[in-house]
Amino acid sequence: MTQTQQQEFDHAIKDEDIERAKLLLGIDAPTSIDEFYREASVDGIRNFARGAGDDNPLFCDPEYAAKTRWGGVIAPPMIFSAMSKKMLGDPIPEDIRKATRGLFSGIHVFVSGQTTEWYQPVRPGDSLYGFGGLESIEEKHSEYAGRSIIRIIRQVRVNQRGEVVVVARIILIATERQKSRERGKYMDIKPATYTDEQIAEIDEIYAAEKPRGAEPRYWEDVQVGEEMPKMVKGPLTLTDVISFHSGGYGFGPYGIGAARIGYKNRQRVPKFYIKNAAGIPDVAQRLHWENEWSQSIGNPMAYDYGVMRECWLTHYVTDWMGDDGWLVRQHDEMRKFNFIGDTQFITGEVVGKRMENGNALVDLEFRCTSQRGEITAPATATVALPSREHGPVTLPVPDEELRRKAVQMLDRHNELIGKSRK
């Protein structure tokens with residue numbers, strides 16, 4: 001076998017890895033890390049919202065929020081991406097852990113989107129704990145990507161009262177696509193530039209944006225086919241990425257930190273640190289803010305986080321629905337990169353209305369479209385709205401099996417906490 005053939009074999013998806021991965025199906029394990037926020041606060045909620053460019057007073061102004069149906073500040077829907085407290089629990093059985101070690105090693109894996117369902121608001125004083133695992137695994141073939149494996153990872157967040165707050169099903173794709181085929185695919189893309197007139201056009205959209213706020217959007221007033229107001233995000237700058245991190249997104253499993261904290265993290269996950277041109281070890285994650293590093297792995301410039309666009313998409317919906325609405329479900333897909341300098345225009349329309357379990361629901365389709373005219377992130381959502389005939393929104397209820405599981409996981413956590421204190 002030649003060196004090239006050996007490298008291709010090393011980057012191939014192996015049948016044995018697929019079979020080993022199936023051993024994890026249906027096994028829930030506790031999330032054993034602390035995210036940026038372990039407990040919600042008025043300031044933390046405000047900072048997270050503002051980090052994604054969201055100044056909705058329901059999230060940011062306690063005096064305003066006190067007069068809403070919620071009686072106080074609640075967090076933006078995507079707060080769970082930056083908020084989780086280490087959960088104690090029973091680990092994956094040792095035989096399965098050993099059998100699944102090193103799964104899909106050397107294979108390109110990326111997150112292509114997720115489906116999220118919300119059940120409870122996050123309020124100041126709340127903590128979130130997480131658990132989850134592999135929900136499904138599917139094999140696919142295509143001419144370009146070759147063999148690929150699609151895994152759905154279910155993540156559940158539960159608050160300190162044992163209530164299910166959110167369930168996210170994250171789409172992970174592992175593909176055999178070779179580096180020689182990957183590199184350079186986007187290198188012909190040039191950095192975006194803008195005239196004063198173009199910036200003025202973007203500013204006009206910003207000036208017209210405002211959250212629905214205290215004026216209820218009643219279900220009866222919404223018509224299928226009506227267009228939603230346009231929102232803009234961008235042009236994307238390094239400042240936007242810094243603001244997003246300052247708001248709380250910390251990429252918990254790996255983490256970033258300064259000075260001694262960064263050193264300790266480098267000892268914990270040394271493979272996550274790669275030397276820069278000056279010979280300094282730095283996080284691989286810097287492809288989101290360092291053009292040189294991003295270019296070295298085949299991208300023309302740095303680009304955003306998918307989670308950032310998910311925050312933008314939920315911002316679009318919460319602005320539209322108003323204080324009395326509830327975002328029930330959102331499905332989104334990250335189809336294209338959003339490079340530094342790009343602008344995303346968010347547009348959408350109402351595609352359905354229905355009654356379900358006493359709630360008046362509206363179905364939406366919307367998307368981020370870049371200044372190049374490319375749809376980078378299509379999405380759908382279901383929103384519960386107040387109804388003149390049927391009354392205010394009631395929060396969705398997760399199925400009984402999930403509620404029992406959440407209580408069991410939290411009870412086990414509290415039991416282990418109690419034992420550790422003796």
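## Ground rules

Because the model is predicted, local features need pLDDT of at least 70 and side-chain atom pairs count only at pLDDT 80 or more, while totals for chains, interfaces and linings use all residues. Residues are numbered from 1 along each chain as its sequence is written, and side-chain values use heavy atoms, with hydrogens and water left out.

## The nonpolar core

Let's start inside. The largest nonpolar core has 62 residues, and Trp 320 and Leu 364 have the most contacts within it. A nonpolar core here is a set of buried Ala, Val, Leu, Ile, Met, Phe, Trp, Tyr and Cys residues joined through side-chain atoms within 4.5 Å. Buried means under 20% relative accessible area, exposed means over 50%, and partly exposed lies in between (1.4 Å probe, protein chains only).

Helix α12 (residues 306-321) gives the most to this core, with nine residues. Helices (H or I, at least four residues) and strands (E, at least two) are DSSP runs, numbered from the N terminus. Leaving aside neighbours within four places in sequence, the contacts of Trp 320 include Arg 212, Arg 217, Val 350, Leu 364 and Leu 385; contact means heavy atoms within 4.5 Å.

## Two cavities

The whole structure holds two cavities of 30 Å³ or more. On a 1 Å grid over the protein atoms alone, a cavity is a set of points where a 1.4 Å probe fits but cannot get out; a pocket is an open set with protein on both sides within 12 Å along at least five of seven lines, and lining residues have an atom within 4 Å of a point. Points are joined across faces, edges and corners, and a volume is the space filled by probe spheres set on them.

The largest cavity has about 210 Å³ of space. Its lining has 23 residues, with Ile 74, Ala 75, Pro 76, Pro 77 and Trp 326 nearest the centre. By class, this lining divides into 17 nonpolar, five polar and one charged. Here Ala, Val, Leu, Ile, Met, Phe, Trp, Tyr, Cys and Pro count as nonpolar, Asp, Glu, Lys and Arg as charged, and the others, Gly among them, as polar. The second largest cavity, about 60 Å³ in volume, has Pro 76 and Pro 77 among its lining residues. Helix α12 provides the largest share of that lining, three residues.

## An open pocket

The second largest pocket contains about 320 Å³ of space. Of its 20 lining residues, Ala 52, Gly 53, Tyr 206, Val 232 and Lys 233 lie nearest the centre. The lining has eight nonpolar, five polar and seven charged residues.

Arg 147 sits in strand β4 (residues 146-159) and counts as buried because its relative accessible area is 14%. The Arg 147 side chain makes a polar contact with the side chain of Asp 15 at 2.4 Å, and reaches the backbone oxygen of Ile 13 at 2.9 Å. A polar contact is a pair of N or O atoms within 3.5 Å; within protein, one must be able to donate a hydrogen and the other to accept it, and residues adjacent in sequence count only if both atoms are side-chain atoms.

Leu 25 lies in the loop between α2 (15-22) and β1 (29-30). With a relative accessible area of 35%, Leu 25 is partly exposed. Not counting residues up to four places away in sequence, Leu 25 touches Leu 134, Glu 135, Ser 136 and Ile 137.
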